Amino acid sequence: MTATEEKATARSAPEVLAWSRGLLDPALRKAVDGMPGPMRHIGGYHFGWWDEHGNPTETDGGKAIRPALTLLAAAAVRGDPTGAVPAAVAVELVHNFSLLHDDVMDGDLTRRHRRTAWSVFGRRNAILAGDALLALACDVLAASGHPTIQTGLRMVSATVLELLRGQHADIAFEGREDVDLVECQHMAEGKTGALMGCACALGGLFGGGSAEQVGHLRRFGQRLGLAFQHFDDLLGIWGDPATTGKPVYSDLDNRKKSLPVVAALTSGTAAGRELAGLYHRDEPLSTGELVHAADLVDRAGGRAWSQAQTEYLMRLALEQLRYVEPAEQPQAELVALSRLVTNRDH
């Protein structure tokens, strides 16, 4: 196949996600089916496979971006994506372990347009189900028999530690009024960038890539993850609930120290100072005050800063991807997927 022909066959981001789902879902369901009954029930509800009574449903289970990155990364280093399916399953299990715990810690009542697992089954049961998914991720990797499994397992464990560091910082920020941008970015690198970096690195590893290629893929994913967090934080304020599955202004209502909010609070502007007065109040904000708080974030420059950072980090990510010297079709598809998750073309 010539380069021109290979480029012409590159799929759109939705097509890539459908392809990835086709490879991921059977293996993911098989893994979850092997969990103890109560954990299986909660896990399947969280993934959107059935309702709280175990009846099959057709609800949104999320885009599964991270496993798609894993499979494309394997193809980028000219490996067989099907050989990276265990890595993709492990990445998706780790991600959903974090989501189950996040929903408990944040007290969120909805995710993907339905009630969160903890609000249906209780906090303690949701925490146990999250722990079970994390253990299952390691088991799936260990059972793959891949020759680099020891490296892969250590990669996942190091990523989980980074993810927990980032989540701990995010929680700690809630009780502080002096969070600066450097701290906030470091938090996001752990909470979001680490797992996206791991997803890409694991794909490169299972695809037979060199140490240099795996390193560049990790850095590609880390920068993409941070860009994604900027965009996600913007959605947390201005996103359409029909798209986000969460109430409008949800991050402001929860007083989250998200990236655009911290940029606004530390801007030294009159709008930033007024926002701090609202943000540090103990009593809930009214609907009108939430609207005003969002306007203050915008006027203080937080919205524009996060938008600019999204663009800048995307450029850095794509630069790392070029250093991989990837196969042309998966490179084009990784670019398309990156643009989808940061909403640049939508």
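Arg 176 is partly exposed, at 25% relative accessibility (buried means under 20% relative accessible area, exposed over 50%, and partly exposed in between, with a 1.4 Å probe and protein chains only). The model is predicted, so local features need pLDDT of at least 70 and side-chain atom pairs count only at pLDDT 80 or more, while totals for chains, interfaces and linings use all residues. Residues are numbered from 1 along each chain as its sequence is written, and side-chain values use heavy atoms, with hydrogens and water left out.

Arg 176 meets Asp 178 in a salt bridge, with an N to O distance of 2.9 Å (a salt bridge is a side-chain nitrogen of Lys or Arg within 4 Å of a carboxyl oxygen of Asp or Glu). Asp 178 is exposed, its relative accessible area being 53%. The count of salt bridges under this rule is 13. Another of them joins Asp 33 to Arg 40, where the closest N and O atoms are 3.0 Å apart. In the salt bridge between Asp 103 and Arg 111, the closest N and O atoms lie 2.8 Å apart. Asp 103 and Arg 111 are both buried. A network of salt bridges links Asp 170 with Lys 191 and Lys 256.

Aromatic contacts were assigned from ring geometry. A pair of aromatic rings is described by the distance of the centres and the angle of the planes. Rings of Phe, Tyr and Trp (its six-membered ring) pair if their centres lie within 6.5 Å; planes under 30 degrees apart count as stacked, over 60 as edge-to-face and the rest as tilted. The count of aromatic pairs is 3. One of these is the stacked pair of Phe 47 and Trp 49, with 5.0 Å between centres and 15° between planes. Phe 47 and Trp 49 are both buried. The pair of Trp 49 and Trp 50 is edge-to-face, because the ring centres are 5.9 Å apart and the planes stand at 70°. Trp 49 is buried at 9% relative accessibility, and Trp 50 is buried with a relative accessible area of 9%.

Arg 11 sits over the face of Trp 19, 4.4 Å from the ring centre. Arg 114 sits over the face of Tyr 45, at 4.0 Å from the ring centre.

Key
A charge sits over a ring if NZ of Lys or CZ of Arg is within 6 Å of the ring centre and within 35 degrees of the ring normal.
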